[in-house]
Amino acid sequence: AAADSVPAGTFPSFMAEGTLLCRRGEYGKALACFNNALKLRAGDKDCLVARSKCYLKLGDTENSLKDAEASLQNDKTFSKGLYQKAEILYTMGDFEFALVFYHRGYRLRPELQKFRLGIEKSQEAIVNCIGSPSSVKLENKEDLCFISRQAESKKANQKLQVKLTKDQKWTRKREPVRNPKTERQLLGELYADKAYLEKLLRDEDLMESSTKQGIKVADLVLSGISYLDTRSEFWQQQKPIYARVRERKLRQQRWMRDKKQKPAEVGRYIVKSMEDIEMLLTGDCPEESCKKAERVLKTIQGWSDDEVPNKNELIGNLHSCIGNAQLEMGQMEAALQSHKMDLEVARQNDLPDAVSRALDNIGRVYARIGKFQQAIDTWEEKIPMAKSSLEKTWLFHEIGQCYLELDKAEAAQNYGQKSLQSADEEGDVEWQLHATVLVAQAQVKLKDYRSAILNFEKALEKAKLIHNEDAQKAIISALDDVSKSFIEELHGRREETTAYSLKEGSFSAGSTEDDNLEKGREGEESERSTEHRGGEKQKAAAAAAGTREDHRGPRQEGGEEGGEEDAESKGEERRGARQKKK
């Protein structure tokens with residue numbers, strides 16, 4: 001009575017909730033919602049189809065088929081019911097009946113793509129099971145009485161099958177034991193899962209245990225194995241092993257036919273493939289480009305020299321493409337190995353252009369991973385092979401950059417000037433800009449700030465000429481830094497000059513004092529020689545001489561007391577003379 005009671009809710013709400021749960025893969029809960037909806041509106045064909053889908057997902061084909069047929073009971077032209085019934089019959093392996101209902105739906109609704117696809121897959125399954133009709137030849141050598149005998153035997157078998165119980169049917173289905181190799185081909189990746197479940201069956205303790213929900217582990221394992229057996233039977237009917245073998249043989253035949261292509265077809269294939277590889281690489285899809293190049297490389301390696309005259313050149317080119325793609329993906333070691341293989345193929349076959357290309361790419365990889373000296377050595381080997389001024393410009397610039405990274409500023413400046421010269425020959429303003437910046441950077445490291453400022457100003461003019469705003473901002477910032485360094489250097493030089501001048505001045509002052517002392521000494525001698533003269537000049541000279549004699553006293557040799565007394569008496573005489581003058 002409780003089960004038949006009307007649930008709380010509305011039909012649209014149950015339908016919406018069931019549809020949502022079905023999309024999430026929760027088919028058990030969705031089934032409950034559709035059951036409630038059918039209690040509110042029994043026989044609704046849309047709800048029956050929805051519940052049929054849930055039953056089919058849960059593996060209950062019997063109830064699924066009942067719901068599909070019920071949806072068609074009142075309306076034989078209901079397209080959703082026709083499609084659902086066809087899908088169930090296809091899942092059950094009744095491909096012929098499924099094809100009938102796919103055709104009915106297609107006649108009613110030809111605009112629906114799903115009916116056309118159903119027809120195609122049913123026809124393919126039938127052909128895989130019984131073969132193509134064109135391969136069957138019927139011969140009428142006897143009378144047709146065997147048809148009646150065949151019909152009678154079929155009826156007898158049907159009567160026997162009715163008497164069989166469900167367990168006997170299940171056992172009969174399980175009777176044929178497949179070869180493990182056949183099962184592996186049918187199940188594919190699921191074969192490992194089945195082997196694991198069969199291994200669990202041998203664990204008796206585990207099989208006797210139960211889950212938290214009270215379900216026995218043995219039931220879960222057996223249901224999983226049963227499902228895999230059912231699917232393998234379906235796949236066996238859909239595409240038997242012999243059909244798979246035939247398909248594999250047809251693929252091999254097509255491959256052999258494609259392998260023996262005409263030269264024009266080979267050329268078109270190679271050109272198209274190389275264009276695709278280049279397009280994928282420039283379109284920021286390096287991984288796809290690498291895979292495509294590897295597939296083409298494997299194909300070309302399988303061709304003979306007669307089919308592809310320039311086979312070795314193509315192989316080297318493909319190694320180069322693979323290396324470029326690996327470089328974009330950040331796989332530096334793999335990229336280096338690919339470019340080295342390109343170089344090896346080029347040298348073995350005497351291909352100078354390919355050698356130049358390989359050296360170019362190897363140098364780029366070395367520079368990217370920070371091995372600047374190896375990059376320099378590789379690129380310097382390439383210099384004689386450079387054909388155009390533009391190529392030389394790039395090459396000299398990259399070598400100069402590597403020298404700059406190694407703090408070898410002088411070598412960087414030399415290569416920067418070479419790059420600028422080649423850029424001038426080519427007339428390429430953008431490379432003139434790059435080369436001028438490189439020269440200026442080297443001059444900054446050499447502390448030749450004046451020249452660096454001049455070159456940065458030239459580079460700024462070129463950046464304005466090609467309207468490169470990012471380069472203008474970077475150059476203006478670099479100019480500010482160099483100008484500050486230049487001003488600091490000038491201040492340092494000025495301070496050094498001032499300090500040197502002060503040292504020179506002190507030395508001159510010391511020399512002047514020595515000269516004055518010397519003159520003083522000469523004056524003393526002259527005063528001494530003129531002491532016998534009279535008048536005011538004699539007194540002044542005596543006073544000056546007295547003063548100097550006081551300083552010179554310690555230099556006189558000891559033991560001359562009389563000389564000191566004479567000096568004192570002379571001093572007194574001088575004072576007396578001054579008083580008289582006053």
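The model is predicted, so local features are reported at pLDDT of at least 70 and side-chain atom pairs at pLDDT 80 or more, while totals for chains, interfaces and linings use all residues. Residues are numbered from 1 along each chain as its sequence is written, and side-chain values use heavy atoms, with hydrogens and water left out.

To begin with the overall picture, the protein contains 27 helices and zero strands. Both kinds of element are DSSP runs numbered from the N terminus, with helices (H or I) needing at least four residues and strands (E) at least two. Of its 582 residues, 32% are buried; here buried means under 20% relative accessible area, exposed means over 50%, and partly exposed covers what lies in between, with a 1.4 Å probe and protein chains only. Where contacts (heavy atoms within 4.5 Å) join residues at least 6 apart in sequence, 52% of them link residues at least 24 apart.

Turning to charges, the structure holds 17 salt bridges, each defined as a side-chain nitrogen of Lys or Arg within 4 Å of a carboxyl oxygen of Asp or Glu. One of them joins Lys 85 to Glu 69, with 3.6 Å between the closest N and O atoms. Lys 85 belongs to helix H5 (residues 79-92) and Glu 69 to helix H4 (residues 61-71), so this pair ties together parts 16 residues apart in sequence. Lys 85 is buried at a relative accessible area of 13%, whereas Glu 69 is partly exposed at 38%.

Another salt bridge brings together the side chains of Asp 276 and Lys 292, at 4.0 Å from N to O. Asp 276 sits in helix H15 (residues 263-282) and Lys 292 in helix H16 (residues 286-301), so parts 16 residues apart in sequence are tied together by the pair. Lys 292 is partly exposed, with 21% relative accessibility. Lys 272 joins in as well, for Lys 272, Asp 276 and Lys 292 are linked in a network of salt bridges.

A further salt bridge is formed by Lys 445 and Asp 407, whose closest N and O atoms are 2.7 Å apart. Lys 445 lies in helix H23 (residues 429-445), while Asp 407 is in the loop between helix H21 (389-405) and helix H22 (409-426), so the pair ties together parts 38 residues apart in sequence. Lys 445 is partly exposed, at 44% relative accessible area, and Asp 407 is exposed, at 58%.

Leaving aside residues up to four places away in sequence, Lys 194 touches Glu 183, Leu 187, Ile 225, Leu 228 and Asp 229.

The aromatic rings come next. Seven aromatic pairs are present; rings of Phe, Tyr and Trp (its six-membered ring) pair if their centres lie within 6.5 Å, and planes under 30 degrees apart count as stacked, over 60 as edge-to-face and the rest as tilted. Phe 396 and Tyr 415 have ring centres 6.0 Å apart and planes at 40°, so they make a tilted pair. This pair links distant parts of the chain, as Phe 396 is in helix H21 and Tyr 415 in helix H22, 19 residues apart. Both Phe 396 and Tyr 415 are buried. Tyr 415 also forms a stacked pair with Tyr 403, at 5.7 Å centre to centre and 20° between the planes. Again helix H21, through Tyr 403, is linked to helix H22, through Tyr 415, across twelve residues. Elsewhere, Tyr 83, Tyr 102 and Phe 115 make up one aromatic cluster.

Charges can sit over rings too, a label that requires NZ of Lys or CZ of Arg within 6 Å of the ring centre and within 35 degrees of the ring normal. Arg 41 lies over the face of Phe 11, 4.0 Å from the ring centre, and the charged end of Lys 121 sits over the ring of Tyr 90, 4.6 Å from its centre.

Finally, the count of disulfides (cysteine sulfur atoms within 2.5 Å) is zero. The sulfur of Cys 22 is 4.0 Å from the closest cysteine sulfur, that of Cys 54, which is too far for a bond. Cys 33 is likewise in no disulfide, its nearest cysteine sulfur being that of Cys 54 at 9.0 Å. Cys 33 is buried, with a relative accessible area of 8%.
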